[in-house]
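I opened my notebook to look up a few things in a protein model. Here is what I was looking at.

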Amino acid sequence: MKAIVVTPGKQNSLRLEDHEAPVPQRGQLLLRVLKVGICGTDRDIIAGFYGEAPTGSKFLVLGHESLCRVAEVGGGSSGFRKGDLVVPTVRRNCPEDCINCRRGMSDMCLTGHYFEHGIKGLHGFAREFAITDHNFVVRLPESLSDLGILLEPLTIVEKGITQAYLMQKSRMVWKPKSALVLGAGPVGLLATAILRLRGLEVHTVATRPEKSLKARLVERTGAKYINSKKTPLDTLEARYDMVLEVTGNTSVALEAQNLTSLNGIVSYLGIYRQEQATEDAGEVFTNLVLGNRVFFGSVNANKTYFLEGAKDLSRIKNEWPGFLEKIITRREKPDNFTEAYSPVGEEGIKTVIQFEV
Ligand SMILES: [Zn+2]
Ligand SMILES: [Zn+2]
């Protein structure tokens with residue numbers, strides 16, 4: 001079978017290999033991979049920034065965003081049947097089975113020794129067949145047999161927003177009205193849609209022109225699009241109850257803190273390159289304290305967010321037909337892996353590799 005692999009830590013070692021299909025053990029499912037989605041994490045691994053092969057392997061199969069069908073149940077009462085449309089979560093428990101991993105919250109693992117399919121110590125889903133633990137798999141309705149590939153990036157949003165609500169509601173009476181989303185890639189667009197579903201007034205900022213696909217998709221949900229090249233962030237007058245930072249840009253991340261209302265919250269979902277501070281740290285902390293603000297980071301998502309995300313994916317599909325379809329701007333066959341993993345370009349948003357149509 002075809003498998004897209006890298007040698008972790010080795011720049012540009014991306015290649016297509018021919019592998020034997022894995023055999024599921026008891027408690028595992030054999031998955032026929034339909035599609036994998038590509039994001040910045042994959043490109044970072046290809047660039048050699050991170051990524052870790054499973055113990056005893058010299059290579060790592062890429063792919064953490066997937067849509068699959070159950071091909072075989074490896075024994076044990078999994079509750080799954082051959083043919084089920086499913087999405088596996090990405091992270092698996094640490095060997096110590098810490099208190100959070102043990103309770104189904106490996107996204108909040110305390111040891112940091114967790115495993116991640118396609119990223120850290122476990123092969124990913126960019127291959128025709130894959131295996132995974134049946135406890136970390138969610139079933140999707142047939143109506144999501146194509147768009148279900150967007151579930152994993154959506155779970156990042158689900159967690160970032162759910163945790164913000166939990167924190168805010170536990171410390172005061174909080175009835176948010178407005179939200180600002182910084183970035184309009186797949187995660188920013190999905191965040192815009194989820195916040196609109198929650199009834200918030202949403203402004204979404206990116207660098208693309210007003211007529212671009214990203215801008216049109218933002219407006220499709222009833223949110224307002226702001227082109228930061230025309231309207232720089234430091235000229236915005238509005239202050240927002242919640243800010244979601246998904247650009248991964250350090251300057252934007254700092255600016256986010258000035259755009260929250262009193263008692264507001266900033267959820268950071270990007271990966272920020274190290275940069276010299278361009279802001280006075282004293283001002284940042286004073287702004288944090290005197291405004292009762294919360295700045296927090298969020299990564300990965302456990303099965304609860306996948307279950308919630310599956311429902312929201314259907315809601316978005318029904319509310320704004322065509323919105324999710326347009327996020328997928330490129331579809332490639334596994335043989336065209338080089339093109340698939342190259343940057344998306346000006347009007348590109350999300351690339352998907354189709355192992356089976
Ligand atoms: Zn991803
Ligand atoms: Zn753990």
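**Ground rules.** I kept in mind that this is a predicted model, where local features need pLDDT of at least 70, side-chain atom pairs count only at pLDDT 80 or more, and totals for chains, interfaces and linings use all residues. Residues are numbered from 1 along each chain as its sequence is written, while chains are lettered from A and ligands numbered from 1 in the order in which they are written.

**Domains.** I found the chain divided into domain 1 (2-139 + 328-354) and domain 2 (154-297); these bounds come from an automatic or database domain assignment. Their centres, taken over C-alpha atoms, are 29 Å apart.

I looked up an open sheet of three strands, with order 7-8-9 and mixed pairing. Strands are DSSP runs of E with at least two residues, helices are runs of H or I with at least four, and both are numbered from the N terminus. Two strands pair if DSSP finds at least two bridges between them. Strand 8 (residues 115-117) runs parallel to its partner strand 9, with two bridges. Glu116 stands opposite Gly121 in strand 9.

**Helix 3.** I saw that helix 3 (residues 151-171) has 21 residues. Its buried residues include Leu154, Ile161 and Ala164; buried means 20 or more other C-beta atoms within 10 Å of a residue's own, exposed means 12 or fewer, and partly exposed lies in between, with C-beta atoms placed from the backbone.

**Glu275.** I found Glu275 in the loop between strand 16 (260-268) and helix 7 (281-290). Why is Glu275 exposed? Because Glu275 has 11 C-beta neighbours inside 10 Å.

Notes: Expected span 1.5 Å × (residues − 1).
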